[in-house]
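Please keep the sequence and the structure at hand while reading.

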Amino acid sequence: MSQIDDIKDLLFGHEKKALDALTRRLDTPESRAADVADVLPQSVRRSHARDTSLADAMAAPVTDSIRLAVRKHPKAIADSLFPIIGPAIRKAIAEALKGLIQSINETLDTRLSPSMRFKAWRAGVPLPEYIVQRSLLYQVEQVFLIHRETGMLIRHASDVPAAKDQDAVSAMFTAIQDFVKDSFAQDGSGALETADMGEYTLWAVHGPAAMLTCLIRGTPPRALRNELAEILENIHRDYSELLLDFAGDTDGTEVLQPDIERCLQMEKVAPEERRGAGVPGAALWLLLAVAAVVIGYLAVTDWNERREMERVRQVLQAQPGIMPFELERDDGVITARGLRDPLAELPLADEVAAGRVRLAFAPFHSLEPAIVERRARAALSPPDDVSLSLEGATLVVSGTPDASFRQRVQTLAPVLAGVEAVEFRQAPPTDDDILRAAREAAGQPDTAQMTVAGGVLTVTGSAPAAWRDSLEDKLANVPGLNGIRTDGLQTLEAVRLRQLADEIASLPLYFSRDNVLVEEQAAVETLANRIQAFIQVALAADLKPAVVLTGYTDGSGESGLNETLRRSRATTARDALVAMGVAERFIAVDAGPPAGGERVVDLALRRVAASVAAVDDAGRDWTDRQQKP
Amino acid sequence: MIPTRKICIIGDFGVGKTSTVARFVHNVFSEKYLTTVGVKIDTKTMKAGDAGGDLKLVIWDIAGADRFSAVEFSYLRGAAGYLLVADGTRRNTVDIARRLCAEAEQRFGALPFVLIINKTDLTEQWEVPDGTVDELRSSGMDVFLTSAKTGDEVETALQALANKLLESSGP
């Protein structure tokens with residue numbers, strides 16, 4: 001046994017040692033690891049040089065390793081990333097600024113455009129507001145949040161009804177993305193970000209796990225992409241697990257909807273503004289507007305000039321003594337030519353002073369009444385109480401001209417142009433004139449008053465009847481007198497007769513029981529005087545005087561005796577009066593009525609009373625106050 | 001919203017991929033996309049799974065395998081499963097299907113799929129032996145013999161795939 005072992009040892013001892021060493025190395029992980037470490041770099045290099053299978057194999061574990069490392073050692077990773085984060089941020093800021101500058105440039109371009117100003121004016125909005133509207137002529141109509149790996153739709157939002165199957169659209173868009181990327185990207189990096197189709201623009205914003213694809217109508221500004229990128233970044237930040245684990249189950253993805261719909265709330269386009277608002281149209285409109293303004297200006301100017309000419313013509317034609325023949329306008333000045341009477345007033349003083357109107361008139365004699373009157377006044381110089389007027393071709397001289405003026409008128413007037421005849425005309429008398437003339441013609445008793453109103457003379461107070469009766473004749477020639485009223489006038493005779501009648505009535509003659517006059521002689525004489533005076537006044541006034549003596553008795557005595565006694569007493573009184581000189585023919589006696597009451601003695605009732613009357617031809621008793629003769 | 005799953009239809013040129021699903025899906029885009037972009041998307045909403053809830057399949061129809069390179073394979077990324085299509089009248093298309101299946105698995109891991117062997121209406125020209133089909137089935141594949149022309153078994157195949165999608169993504 002040992003010999004065989006020895007032989008083996010002699011024959012294969014060396015190989016056995018090597019085999020043992022090899023076995024030990026293979027059994028010991030440390031040594032195997034050291035061996036692999038020795039060849040690994042070279043192996044990797046060779047494998048990578050041959051094909052991508054190693055890279056494919058390494059991709060998943062490397063990704064997982066990085067993810068794990070980020071989770072476990074965030075600070076270390078952050079520190080490692082720090083050097084590249086700075087440039088990345090700077091690049092991002094530069095991109096954002098680029099977008100901003102582009103937006104400002106767009107705005108400035110449009111602001112400087114005259115057509116924009118015109119459009120703003122046409123739209124009736126302030127220019128800045130209009131520029132903002134124009135700068136935001138786009139609308140995000142559809143938004144797709146697409147899972148990057150599967151191409152499946154995670155969420156969708158739309159402002160318009162979506163015609164196609166959105167899942168299919170998402171998948172197709174992803175396929176096209178891949179197609180473009182695989183076909184044209186040299187190193188497989190980059191992605192399709194923009195596609196333009198007519199008025200639509202398709203924008204894709206790419207994130208690690210999802211892609212935000214927006215269908216936009218109009219031309220979106222660069223800044224919108226930054227906003228979309230921000231939304232997508234937020235989604236990745238807040239819902240990374242959801243995106244990574246997405247396998248087609250949309251349950252739970254509702255939380256993403258607000259972010260997606262935020263994309264739709266980007267500024268909206270005003271559709272009617274987008275149509276037919278091209279620059280050529282605007283230029284045409286502007287041209288038309290300018291033409292309209294120019295034509296309008298010329299028309300208005302011409303119309304104003306014509307209106308001014310017409311106004312000047314009317315003013316001149318309305319002016320007496322001026323005959324305008326032609327008006328012409330040159331360099332803003334209206335020149336009027338024609339004839340002007342030297343007595344005509346010059347109109348348009350302000351316009352002439354300002355140099356806007358020039359008057360070039362030849363002198364002539366106008367026969368217009370106003371000018372003829374003016375000419376007559378200038379030639380005749382009438383005194384203040386004389387007025388001149390023209391009726392047809394007749395010069396009427398009113399007032400009370402003196403003889404020398406009459407002479408002058410009769411000499412000069414017929415030679416004045418426009419005057420063919422002269423007429424002197426009195427002015428109608430005034431009420432004062434009439435009153436003066438009436439007093440002059442009729443005289444005025446001190447007891448009477450005279451007034452004239454409206455040509456009617458009214459006489460009041462009292463006056464002799466003869467004066468009153470002669471008034472109409474005396475005033476017949478008073479000019480302007482339209483009537484005489486004497487209703488309020490009393491005759492002096494009537495006044496006197498009433499006065500005497502009153503006195504007579506107050507002077508009874510008393511008797512004793514028998515038929516004896518108990519009055520003293522003086523009382524009878526007084527009564528007789530009054531009656532005689534009455535009779536004289538009445539006769540002087542052509543009146544018929546009458547005296548009635550009435551006898552009275554008291555209640556005592558027989559009634560038959562008393563009546564005799566009453567008549568007897570009246571007769572006794574008449575006789576006494578006749579004895580005093582009163583003409584008997586005017587006296588009548590009468591027995592008064594029997595005294596009423598008791599049959600007692602009353603001396604005051606034993607009397608004779610006298611009453612008088614004066615009657616004219618018309619039968620009026622002048623002592624009767626009611627009749628007021 | 002209804003849960004959605006991305007599936008792809010892959011198979012050799014002319015096996016009837018587009019025709020197979022055409023009458024069962026909601027056609028959103030025209031077929032010219034296949035020749036321009038190399039892919040065409042359709043959708044189909046159906047009941048699936050034990051609960052019988054709605055499921056929306058977003059079906060990526062990828063252009064034929066004669067152009068099927070790394071570029072087109074990228075369309076398979078993110079797919080929850082796929083429909084593998086072969087032509088029963090061309091035996092080699094089954095082999096191509098196998099190869100494609102293997103490549104997909106290599107690139108994206110084991111994904112649920114069903115194999116469709118199409119054109120059963122052309123019985124006279126049928127080239128795939130029953131043994132092959134049995135062999136495929138015994139290897140764990142779900143194999144359906146379909147006719148795009150008559151629609152035979154197509155719906156069943158899609159339903160089976162939908163159920164598998166939910167199984168694989170279920171808890």
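## Chain A as a whole

Chain A has 629 residues, of which 24% count as buried. The model is a predicted one, and for chain A the mean pLDDT is 82, with 90% of the residues of the chain reaching 70 or more. The secondary structure assigned to chain A consists of 20 helices and 19 strands.

## Chain B as a whole

In chain B, which has 171 residues, buried residues make up 43%. The chain has 6 helices and 7 strands, and, read from the N terminus on, these elements of chain B follow the order β-α-β-α-β-β-α-β-α-β-α-β-α. Among the contacts of chain B with a separation of 6 or more, 70% are between residues 24 or more positions apart.

## Two open sheets in chain A

One open sheet of chain A is formed by 3 strands in the order β6-β7-β8, and the pairing in this sheet is mixed. The edges are taken by β6 (322-330) and β8 (357-363) of chain A, each of which has a single partner strand, so one side of each is left without a neighbour in the sheet. Neighbouring strands of this sheet are turned against each other by 20° on average, direction ignored. Between β6(A) and β7 (residues 333-340) of chain A the pairing is antiparallel and extends over 8 bridges, and A:Arg329 has A:Ile334 in β7(A) as its bridge partner.

Another open sheet of chain A has 4 strands, arranged in the order β16-β19-β17-β18, again with mixed pairing. Here β16 (509-510) and β18 (587-591) of chain A stand at the edges, and each has a single partner strand, so one side of each has no neighbour in the sheet. The strands β16(A) and β19(A) run antiparallel and are joined by 2 bridges; A:Leu509 has A:Val608 of β19(A) as its bridge partner.

## A hairpin with a covered strand

Strand β1 (residues 138-147) of chain A pairs with β2(A) in the antiparallel sense over 5 bridges, and A:Gln142 stands opposite A:Ser158 in β2(A). The hairpin of β1(A) and β2(A) has 5 residues between the strands, and in this hairpin A:Gly151 adopts a positive phi near 75°. Is strand β2 (residues 153-158) of chain A mostly covered or mostly uncovered? Strand β2(A) is mostly covered, with 5 of its 6 residues buried.

## A helix pair in chain A

Two packed helices are described by the angle between their axes and the distance between the axes. For helix α8 (residues 222-238) and helix α10 (residues 257-264) of chain A, the angle is about 180° and the axes are 10 Å apart. Helices α8(A) and α10(A) are therefore roughly antiparallel to each other.

The contact brings A:Leu228, A:Ile231, A:Asn234 and A:Ile235 of α8(A) together with A:Asp259, A:Arg262 and A:Cys263 of α10(A). The residues of this contact of α8(A) with α10(A) divide into 4 nonpolar, 1 polar and 2 charged.

Why does A:Arg625 count as exposed? A:Arg625 has 11 C-beta neighbours inside 10 Å, and therefore counts as exposed, since the cut-off for an exposed residue is 12 or fewer. Although A:Arg625 and A:Val495 are 130 residues apart in sequence, their C-alpha atoms are 9.2 Å apart in space.

Note on methods
Residues numbered from 1 in each chain as written. Chains lettered and ligands numbered in written order. Predicted model: local features only at pLDDT ≥ 70, side-chain atom pairs only at ≥ 80, totals over all residues. Buried ≥ 20, exposed ≤ 12 C-beta atoms within 10 Å, placed from the backbone. Contact = placed C-beta atoms within 7 Å. pLDDT = per-residue confidence, 0-100. Pairing = 2+ DSSP bridges. Axes fitted to C-alpha atoms, helices over the stretch in contact; angles between N-to-C directions. Parallel < 35°, antiparallel > 145°, perpendicular 65-115°, else oblique. Nonpolar A, V, L, I, M, F, W, Y, C, P; charged D, E, K, R; others polar.
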